[in-house]
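Please look at the sequence and the model together before reading on.

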Amino acid sequence: MNGKRTRQYVGIICALLAYYLIHEGAHLVSALCMGTFKSINLMALGVQIDIFRDQMTDTQLGWFCLVGPLATFIAGIVMVILAPKFCSLQSKMGKAICYYITIAILILDPLYIGFLYRFVGGGDMNGIRLLIPETVASILFLIILAVNLILFFKLVLPQYKRSFQTEE
């Protein structure tokens, strides 16, 4: 059960679950605080928090859409800071899970909102652009993506590589 391939699959599944918990959880808390929560929708590509749009101002919708990416941004920073602790875990499975969660949290939102949203209906960008111009938001998220990739490849990856090599 604890083979490398199994750890990878479990890590990826846990990363996706953690991503949705953090990102959509922030949307859920936001909608609940604004009194606009409608339902949680399970969709082919994940989970979506549905709201009563007609009960929100454009600014509220903008913030509702921005809180998910903000939550993953903060979580990404926390994951980078805690990487040494995660690398000291005795469990290879626990380490692998933390590794894949870190990748997902650092990369998914900046990549999606910086670029990919154009091909899949807009998602959170539909609301974020109510707060700041779309081009500015896209550029900011691409910059965040670049910084996150640098953090990952310069700080996080070397720590995990060392950690896994010392176990073999």
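The sections below describe the chain as a whole and then some of its helices.

## Basis of the description

The model is predicted, so local features need pLDDT of at least 70 and side-chain atom pairs count only at pLDDT 80 or more, while totals for chains, interfaces and linings use all residues. Residues are numbered from 1 along each chain as its sequence is written, and side-chain values use heavy atoms, with hydrogens and water left out.

## The chain as a whole

The chain contains five helices and two strands; these are DSSP runs numbered from the N terminus, with helices (H or I) of at least four residues and strands (E) of at least two. Read from the N terminus, the order of elements is α-β-β-α-α-α-α. The C-alpha trace spans about 55 × 30 × 25 Å along its principal axes.

Of the 168 residues, 39% count as buried. Buried means under 20% relative accessible area, exposed means over 50%, and partly exposed lies in between (1.4 Å probe, protein chains only). Among contacts (heavy atoms within 4.5 Å) with a separation of 6 or more, 67% join residues 24 or more positions apart.

Helix H2 covers residues 58–87. Its 30 residues reach 43 Å from the first C-alpha to the last, close to the 44 Å expected at 1.5 Å a residue; the expected span is 1.5 Å times one less than the number of residues.

H2 bends by about 45 degrees at Ile81, and the proline Pro84 follows within four residues. A bend is the angle between axes fitted to the seven residues ending at a position and the seven starting there. Ile81 counts as exposed because its relative accessibility is 59%.

## Helix H3

Helix H3 spans residues 92–114, and its 23 residues reach 33 Å from first to last C-alpha, close to the expected 33 Å. A kink of about 25 degrees lies at Ile107, shortly before the proline Pro110. Because 17 of its 23 residues are buried, H3 is largely enclosed by the rest of the structure.

## Gln159 in helix H5

Which residues does Gln159 contact, leaving aside its neighbours within four places in sequence? Gln159, which is found in helix H5 (residues 134–167), is in contact with Ala83, Pro84 and Cys87. Gln159 counts as buried because its relative accessibility is 17%.
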